[in-house]
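Hi,

Here is the structure I said I would pass on. Have a look at it first, and then read my notes below.

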Amino acid sequence: MARLRYPLLIAVAVFLAGLSLMAALKDRHYMLLSLVLLGAALLPVFLRLERRRLESRELVLLAVLSAIAAVSRIPFAALPSVKPVSAIVMLSAYVFGAEAGFIIGAVAALVSNIYFGQGPWTPWQMFAWGMAGLSTGWLRNSWWMKKRAGMLLFGFLWGFLFGWIMNIWYIISLPDAFSWGLVAAAFASSFYFDLAHALSNVFFLVILAGGWTSVLERFRRKYGLLKDYTD
C-alpha cells in the first residue's frame, strides 16, 4: 500500500504545482499546463514500471483492456457524459491494481481521442481517467470498496471529480476572461453533465461489476498476470 501511495501523492503534487505555475503565466499557459499534467499523469507509471519488466502477455492484456475502454466511448458519442469508460477503468484497476488501472485509463483517453479529436484537453482526460484507475487500485483493499454500495458510491463521486478536473482545463483556457464568476459559471453549467457521468458510472458498474470482474479475476489467477501489480 505504501509503495502505491507515493506515486499517487507525487502525481497530485505535480498537478497542483502545475496549476500554481501556470496561473502566473499570461500567454497560452494552458498549452504548457497540459504538458505539465501529462508528465504528472505518466510519473506514477514510470516509477512503477522501472522496477519490473512487463511480460508480453501482460502488455497485450493492458492493450486489450485499454482498447475496450477506448472503443466503449464511441457508441455513446451522442449522449454527453454518458460512457462506460470510467467503469471499465475502475473495475480493471480493482482486479489488476493501481498502476494497471492508471495505464488503462490514460491510454483509453489518448486512443479514443483519435476518433473524438486530439487537443490540449487530451492530457487532462488522460490524467483524470488515469487517476480514477490509480485511486481505485490504491483503495481496492479497503473495507468499503469491498462492499457493492461502496464501489458504486466511489464511481458516483468520480463522475463529479472527472468533470471538475475538466472544468479546470476550461477555465484556464480562457485566461483573459478569468474571474470567480467564470469559475462559478463553469462548475454550475457542468453540474448536469457531471451528474450524468456519475449516474452512468453507477449504471455501468452495476451491469459490469459481476461478470466483468469474474472474467478478469479468472485470467489473473490462471495465467498469473500482473501479479506484482496486485500485491
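A quick definition before the notes: helices here are DSSP runs of H or I with at least four residues, strands are runs of E with at least two, and both are numbered from the N terminus. With that in hand, the protein chain reads α-α-α-α-α-α-α-α-α-α along the sequence. That is 10 helices and zero strands.

Keep in mind that this is a predicted model. The mean pLDDT of the chain is 79, and 70% of the residues reach 70 or more. Among the elements, helix α4 (residues 85-96) has the highest mean pLDDT, at 92, while helix α10 (residues 227-230) has the lowest, at 51.

Now for the chain as a whole. It has 231 residues, and 49% of them count as buried. Its accessible surface comes to about 11300 Å², with 71% of that belonging to carbon and sulfur atoms. If you take contacts between residues at least 6 apart in sequence, 77% of them join residues at least 24 apart.

What sits in the middle of all this? The largest nonpolar core has 44 residues, and Ala69, Phe96 and Trp158 have the most contacts inside it. Helices α3, α4, α5, α6 (122-138), α7 and α9 (191-223) each supply at least two residues of this core. Setting aside residues up to four places away in sequence, Trp158 touches Ala128, Met131, Ala132, Ser135, Ile165 and Asn201.

Next, helix α3. Which residues of α3 are buried? They are Glu58, Leu61, Leu62, Leu65, Ser66, Ala69 and Ala70. Seen down the axis of α3, these fall within an arc of 165°, so they line one face of the helix.

Leu62 is worth a click while you are in α3 (residues 56-71). Its relative accessibility is 5%, and buried means under 20%, so Leu62 counts as buried. Leu62 and Ile104 are 42 residues apart in sequence, yet their C-alpha atoms are 6.3 Å apart in space.

In α4, have a look at Met90. Met90 counts as buried because its relative accessibility is 0%. Beyond its neighbours within four places in sequence, Met90 is in contact with Ala132, Thr136, Met151, Phe154 and Gly155. Its C-alpha is also 9.6 Å from that of Arg140, which is 50 residues away along the chain.

Helix α5 (residues 98-116) has 19 residues and reaches 26 Å from first C-alpha to last, close to the 27 Å expected. After α5 comes Gly117, which has a positive phi, near 115°.

Last, helix α8 (residues 180-189). Its buried residues are Leu182, Val183 and Ala186. They cover an arc of only 100° around the axis, which puts them on the same side of α8. Part of what covers them is α7 (148-172). Trp180 and Ala188, on the other side of α8, are exposed.

Cheers

How values were computed: Residues numbered from 1 in each chain as written. Predicted model: local features only at pLDDT ≥ 70, side-chain atom pairs only at ≥ 80, totals over all residues. Heavy atoms only, no water. Expected span 1.5 Å × (residues − 1). Buried < 20%, exposed > 50% of the residue type's maximum accessible area, 1.4 Å probe, protein only. Arc of directions from axis to C-beta. Contact = heavy atoms within 4.5 Å. pLDDT = per-residue confidence, 0-100. Core = buried A, V, L, I, M, F, W, Y, C linked by side-chain atoms within 4.5 Å. Areas by Shrake-Rupley, 256 points an atom, 1.4 Å probe, with all protein chains shown as cover.
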